[in-house]
Amino acid sequence: MRGLRWGALSVLGLLLVGWGGFELRYAGRVYPGITAAGVPLGGLSLERAIARVAEATQNLEPPVLSITARDRTIQIAASELGWRPDPESTAEAALAVGRRGSLARRLSERFEALRHGVSLPLRVKVEQNTLRSRLEALANSVKQPPRDARLVTEGGVWVVKPERPGFEFDLSEALLAFEQDPTRTRLELIPRVLPAKLLKEDLQPLAEQANALLRPLVLVYNTGSQVYSRGVSRQELASWIGFAQGQIVANRSAIQSSLRRVARAFDRDPSDARYVLQGEQLVVRPEEAGWKLDQKAALNLLEAALFDPRRSGVNLPVIPAHPRIRAAELPPVEGLELLAEASTSFRGSSAERAANVAAAARSLDGYVVPAGEEFNFNRAVGDISPERGFKEALVISGGRTVKGVGGGVCQVSTTAFRALYQAGLPVVERNPHAYRVHWYDPIVGYDAAVYQPYLNLRMKNDTPGPLLVRASVQGGVVQVQLFGIPDGRKVTVSPPVILSRTPHPPPQYVVEPSLRPGQIKQVDWAVDGYRTRITRTVVRASGEVRVDYLDSNFRPWRAVYQVGPGTEVGDKS
């Protein structure tokens, strides 16, 4: 027995001595059988293991990372993420095998390395913030917000479009997976479903209630002397219905749109009495009453009718529109005297510009300004549009001379302004042109620009009676005459005084692809800038004197040329 005991103790002692020698030999060294990044590291110190891994991976090509989000995949070179081998961390992981955890675990890892070998992956460094940024960009481009069920009109009835769930992506799992294994080449973003808040079954009862209100509806427009009617289609009636907080409400803006269409179709503006030529005789054309829809009252009526499915018609409220000037208020033609007149030449104008001058003069001729009211050029001439005979010609717009409907109308407004100014009427609104226009020379600074609806010419009629404006065109000259009841005033208008002059800038050349190489086309003309002043003195019959000044500030204007591509000229832009 004693011999056996001593034998066992001897074996144990040998094992302990061997174990101690093994531990002593591999103190601070990687245990045998351990490979990292494909490099055997057994028996190496940490420093040598780091050097061995660094040498083996110095020319390692960064992998390409494929990231998938539902049906979209992007590929990112790992180098974009700051990917690079980490020899220190890799060697430290190899050194840690057999040295961590409980004694049993340490022994198990050592025996496993000795018997079968242990292979560890290469550890790398990566910039997590860059990766997160790329993942967020991908997720945001693919994510889909939920869409609630909604009510829409189709074929004149309300139907419910079903809801659609959405989805977004949780980036934390993908980031964790890559952090655990930065050598992987694939990442998948897992979608998370976002349910819709409003479902089809929630809206179906509202659709049925709305459709119960749809029926034929007739709007009756009665002027007292004429009766008009307009049907409202089911589709239009459906547009009058809105929804708010789970209830049916009136869509007042849609009803107002329908009422505006009714007003455009049936409203008639009143016509003022005015003087017109009848053969060679100037006579009074009587006023004509008009009518218009009371849209505010009509809105309330239609809103009430909408929710009463028994109603098949609505009588719209129509109110009279009275003319401002009545024939009885106009003095006899023979009682009017010529107060002032002016004329300007438009000889040399294009056919389009000449046509616009004639059209504006026709509209202005016979216009009457009641005592105490304003001469309003835009109101007198009416809408400047192709439908009323106006054509495209050159106008000043946006800092350039370009083609626009009504180019040349300013010839008439300028001529009218000169007559009104010469008559001594107070100026309410007058706008000079952006630059000096040669049509109104040689009297610089005596013009009036109009541009609907922004620029207008307005003058106050402070004479004892109405003013009659006569406008005519003959031989390339437009003439405006002002007739009224004289009050004894005397008006003197001084010649213009040029306060300053600014030379025009050098020409500008603009490449125009539609022109041929070498072709040059002038589209704007140079003129110097001016600051001018005209002085007007009005002496009343009572001896009262009024002096006012008409100031104009014309910008210097450069010539502009369009040139074909490749044309060699001066300053091209």
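Predicted model: local features only at pLDDT ≥ 70, side-chain atom pairs only at ≥ 80, totals over all residues.
The largest cavity holds about 50 Å³ of space.

Next I listed what lines the largest cavity: Tyr435, Arg436, Val437, Tyr440, Asp441, Ile443, Val444, Gly445, Tyr446, Asp447 and Phe554. Sorted by class, I get seven nonpolar, one polar and three charged residues in that lining.

I looked up the second largest pocket and noted about 430 Å³ of space. Its lining runs to 13 residues, and the closest to the centre are Pro270, Ser271, Asp272, Arg324 and Arg379. Strand E23 (367-369) and helix H12 (377-381) are the elements that each give two or more residues to this lining. By class, I wrote down six nonpolar, one polar and six charged residues for the second largest pocket.

Last stop, Ser349. I found Ser349 in the loop between strand E22 (337-345) and helix H11 (351-364). Buried or exposed? I call Ser349 buried because its relative accessible area is 17%, and the cut-off is under 20%.

What does the side chain of Ser349 reach at 2.7 Å? That is the backbone oxygen of Phe346. I also noted a polar contact from the side chain of Ser349 to the side chain of Arg353, at 2.9 Å. Setting aside neighbours within four places in sequence, I have Ser349 in contact with Ala354 and Trp439.

Key
Residues numbered from 1 in each chain as written. Heavy atoms only, no water. Helix = DSSP H or I, 4+ residues; strand = E, 2+ residues; numbered from the N terminus. Buried < 20%, exposed > 50% of the residue type's maximum accessible area, 1.4 Å probe, protein only. Polar contact = N/O pair within 3.5 Å; in protein donor to acceptor, adjacent residues only side chain to side chain. Contact = heavy atoms within 4.5 Å. 1 Å grid on protein atoms, 1.4 Å probe; cavity = no way out; pocket = protein on both sides within 12 Å on 5 of 7 lines; lining within 4 Å. Points joined across faces, edges and corners; volume = space filled by probe spheres on them. Nonpolar A, V, L, I, M, F, W, Y, C, P; charged D, E, K, R; others polar.
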